[in-house]
Structures are given as C-alpha cells and as structure tokens.
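Please keep the sequence and the structure in view while reading.

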Amino acid sequence: MSDTDTQDLAKLPLDAWHRAQGARMVPFAGYEMPIQYTGPSGGIVAEHNWTRESASLFDVSHMGQLVISGEGATEALEALVPGKLSSLKPGNIRYTLLLNEDGGILDDLMVTNMSREDVEEFYLVVNGATKWDDIAHLREHLPDEITMNHLDGRGLVALQGPKAAEALETVFPGVAERLVFMQGTGFEWRGDMIGVARCGYTGEDGFEINISASHIEQLAEALVADDRVRPAGLGARDSLRLEAGLPLYGHDLTVETDPVSADLTFALTKSRRETGGWMGHGRIAQALMSGPETKRVGLKIEGRMPAREGALVYIGDAEIGRVTSGGFSPTLGYPIAMAYIAREQAIEGTEVEIEVRNKRLPATVVPMPFVPHRYYRGK
Amino acid sequence: MARYFTDEHEWIDLEGDLATVGITDYAQEQLGDIVFVELPEVGSNVDKGGEAAVVESVKAASDVYAPITGEVMEANAALEEDPALVNTSPEEEGWFFRMTVADKSELDGLMDAKAYKAFCDEL
C-alpha cells in the first residue's frame, strides 16, 4: 500500500464522481487517479475484459492538452517533431514524438490539425507526467509569434471498446459516423464546445473526448447510463495498451531511447528522414543508416509468472536486454512483456530467458501487437 | 483450532503443531486480481518476518512474509492451477503453505480476529 502524501496531489474534475462509482484512487502524474473500481464489475481483469467486449470510460484528464496556433505554426512545430504536418489534412491526427538534440525521446504525442481557412492551428495531447516539461520545451523552441494555450481547465475522457461507437452515438448523434480512426472533429453540446477524436490507447476502436470541467460529469453520467458502458481505471488501461503493443512513456520510452530502437520508425515521415529540419535528426539519421544497437520487442513468457519492468533478459550467460513493461495478459492468459534487446537477437522466434527473483523464465520474441488492433478505418 | 493474524495481513491457523498460512480477505482486496503465487519449497526453513512467498497481481508483485519461524511442510498445489483462489477464498481454499512452529511464543504477539478487524478499520 502506498504511503505517498496525497496533500500535494491535484484533483481531477471527475474526482467526486469516481469516488461515488467506487474507484480506488492512487497518486499518478501529480493527480489522484482511479486505478480500478470496486464492486461486482470492478477490478483490473474485469475492466480489461469489458473493454475488449463492450466499452469502457477512462478518465485521462491528467494528460496535457495544448493548442498551438499562428501564422507559420505548421513549420514551427515541424521543426520540433519528425512527423510531417504540412501534409496532414485538417481534422486528421498523427502520432509523433518530441525529441531532444540527441534524438532522445522527450515525449510521444497526438497532433490534430485544426487549421481553418486562414488560421494555422494544432491540438496536441501529451503525457500527464511530462506535460510541464513539454510546455517548457515548446515555449523555448517555438518562435515568439506562435501562440501556445494549455487547456488546463479542460477534462479528457476516453471511451474505448467495440461498442464505443454505438454508445457514443446515443449521446452525440452522428459523430461516430463522421470519423474514422485518427480523425477528430469539434461540435457544440449543451452550450459547450467539445472535441472528439477517434483514437485511444487500448488497441480497440474508441474516442477521446475533450470537454470543459463544468460539463465532464454530465458526459460521464450520460455515457455510463448506457448499459454497454462501464468506468475503467488506469490499471486496465495499462494492461490493454501492453497487449496492444503500445509503448508507455516513462517505461518503454525515455530520454535514453530513440525512435529507431523503440521501433517507432513509422513516426519518422519518410520524406523527412532525409531532408531533416527537425530536432534530433542528425543522430537519428545515423541510427537509421547503421541500425540501432537495441530494439524494442515483444516477449511471450512460458508459465504464469510475470516479468516486470527492470528484469534482465539473457541468452545463456549473455545479458542481452531488459524488460521495460510486463504483466499478465488477461486476454491471452499468459504473461507478456516488452523489452529492449540486442538488435541481432530481436528476431521473431528467438528464445531467451528472463531473470525474475533468481529464476530463469523461458520466453520467445513474438510480433506485436500481442492482441490484434481493432481500429475503425471505414467500411 | 486457533486463528491468529499479523499486521502484514497474514492469517495463521494452528492445529496441533502445524500452522496453515494464508493472506487475509483485506489483503487480497488490496492486491486485486491475483494471477500467480510463488510458494516456498517444501522442506525449506522460513524465519519470522522473512520473505516466504510472492503474490503477483495483474499490476505488481508483492512479498508475503513468514508470520512465524519454522519448516515448510506443504505448499497449496491448487494455487498453481488457479491463483484466483486467493481472491475468491482467501481464508480457506486459498491458503498458501503449512509449516511447523519452531517457537510457540512467537504467536503471542499476534492478533485475534477481533483485534485484526479493529486494526483494519483503522487503516
């Protein structure tokens, strides 16, 4: 149990609602966050399974929401991320990275192009634990004429699962129909401007909804009034994203890792790999050419004992890597992990051993995602 | 049979010279869904307060300490097949191991059911 002093922790706009729903709150990213709910449908495994079968409501209001706008915003932001934004159509979303000069990962984020006829504007969702550093980094490197707004007073919820679209339609008619995976839109609801993006971090179809703190409880109530929707906590979000093979900042991604070894080269837009013009390009161009020393891989572990972050990976006596996230997969029924291992061994089918409490657990390098993604890409 | 509780949330049933050890309902509730239990080897000696078992929930691994000193005589094989027994029946079918009691005076400092309940209510 945690002895962490909760006095300095911020409260989510939905704090009271979570407690009323039976949430167990824990300190995370400077907030008191629901890790799981109690009651007959609560618990990490039940919430995890419900997300895979139906739809779950996650509160992700701890994440940072930023709006960057002004003439030249596209170019200014492109100087800081490896993804191409000039070709991103308004209403479309791209996963990209904030990198330092050495190509180390400062954060991973979602960028939505919200530009209108004569305004260049981007909406960014960044990690909760890194948002203040991200803001400082962006302020330092964006030109003065570019405006950055931190939507600090707004909440963000994620509705995730195969029935998320049907459930969301009952509250916002027509919205699910308008969007496919990695598209966002804005509209008015009960006098408030709402942003809806068809994305998430569970591997399922789903939406992230950006809403004012004054309307967030009404929205949560309206969503869970639908029998298909139940609240779920951070614990299930973590096991879902692990099954989906999605890296978590602070664990699988850090300033010590670069996008090539993290197996995120898809986030380095091809045309910009050569032309450069973004922070960290020099080091990354080199890594792309020579290949990374280590690579992020998925591991399937024999037996039932999970390997956690920090466990060392071996082939025989040779230490070849380290686990960065691991746990028991409720969907698959066996333990899985992400690890960085030497590039030469980062090949599907390689047999390794993971050391846990002086025992060696046999494991195999397997492709990720561990559980297939079910994003909605249109009919 | 007498049942004792520790402030680390283990329970001990004493029957003759043999003690059965498990974790309490309160503890399993705090841990959440249990997916694996690592039990001590039969024949090994455990010391009061020393690590005796590990409980893995979906989220994390937690140590379970030996409540008394003695030798492990039996480990609950049912937990290998179904670790969730610790969640569904923590104080009966989900027992962890049986051990000898080297020094009965170690039991003196432990709580009875009423004292343990009061202890949990304070947490």
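The sections below treat the records, the domains, a sheet, a pocket, a hairpin and some backbone details.

## Basis of the report

This is a predicted model, in which local features need pLDDT of at least 70 and side-chain atom pairs count only at pLDDT 80 or more, while totals for chains, interfaces and linings use all residues. Residues are numbered from 1 along each chain as its sequence is written, chains are lettered from A and ligands numbered from 1 in the order in which they are written, and side-chain values use heavy atoms, with hydrogens and water left out.

## Annotated regions

UniProt lists "domain: GCVT N-terminal" (unreviewed entry) for residues 15-270 of chain A. UniProt positions are given in the numbering used here, feature names are shortened, and annotations may be inferred rather than shown by experiment. This span is 25% helix and 31% strand, and its end C-alpha atoms lie 43 Å apart. Helices (H or I, at least four residues) and strands (E, at least two) are DSSP runs, numbered from the N terminus.

Also in chain A, UniProt places "domain: Aminomethyltransferase C-terminal" (unreviewed entry) at residues 295-371. Residues 295-371 of chain A are 0% helix and 60% strand, with end C-alpha atoms 20 Å apart. In chain B, the UniProt record gives residues 18-100 as "domain: Lipoyl-binding" (unreviewed entry). Residues 18-100 of chain B are 18% helix and 42% strand, and the end C-alpha atoms are 5 Å apart.

## Two assigned domains of chain A

The domain assignment of chain A gives domain 1 (10-61 + 153-243) and domain 2 (293-368); such bounds come from an automatic or database domain assignment. Taken over C-alpha atoms, the centres of domain 1 and domain 2 of chain A are separated by 31 Å. Eight residues of domain 1 of chain A are in contact with nine residues of domain 2 of chain A, where contact means heavy atoms within 4.5 Å.

## The second largest pocket

The second largest pocket has a volume of about 830 Å³. On a 1 Å grid over the protein atoms alone, a pocket is an open set of points where a 1.4 Å probe fits, with protein on both sides within 12 Å along at least five of seven lines; lining residues have an atom within 4 Å of a point. Grid points are joined across faces, edges and corners, and a volume is the space filled by probe spheres set on the points.

Of the 40 lining residues, A:F28, A:D238, A:R241, A:L248 and A:H251 are the closest to the centre of this pocket. β2, β7 (105-113), α8 (234-243) and β17 (318-329) of chain A each supply at least two residues of the lining, and α8(A) gives the most, with seven. Because domain 1 and domain 2 of chain A both give residues to the lining, the second largest pocket lies between them.

## A sheet in chain A

Three strands of chain A form an open sheet in the order β1-β3-β2, with mixed pairing; two strands pair if DSSP finds at least two bridges between them. β1 (10-11) and β2 (23-28) of chain A stand at the edges with a single partner strand each, so one side of each has no neighbour in the sheet. β1(A) and β3 (residues 31-37) of chain A run parallel and are joined by two bridges. A:K11 has A:E32 in β3(A) as its bridge partner.

## A hairpin in chain B

Strands β1 (residues 2-5) and β2 (residues 10-15) of chain B run antiparallel and are joined by four bridges. B:R3 stands opposite B:D13 in β2(B). β1(B) and β2(B) form a hairpin with four residues between them, and B:H9 in the turn has a positive phi of about 70°.

## Backbone details

Most residues other than glycine have a negative phi, and most peptide bonds are trans. A:A29 has a positive phi of about 50° although it is not a glycine, and A:A29 is found in the loop between β2 and β3 of chain A. The peptide bond from A:M368 to A:P369 is cis, with omega near 0°. A:P369 lies in the segment after β20 (359-366) of chain A.
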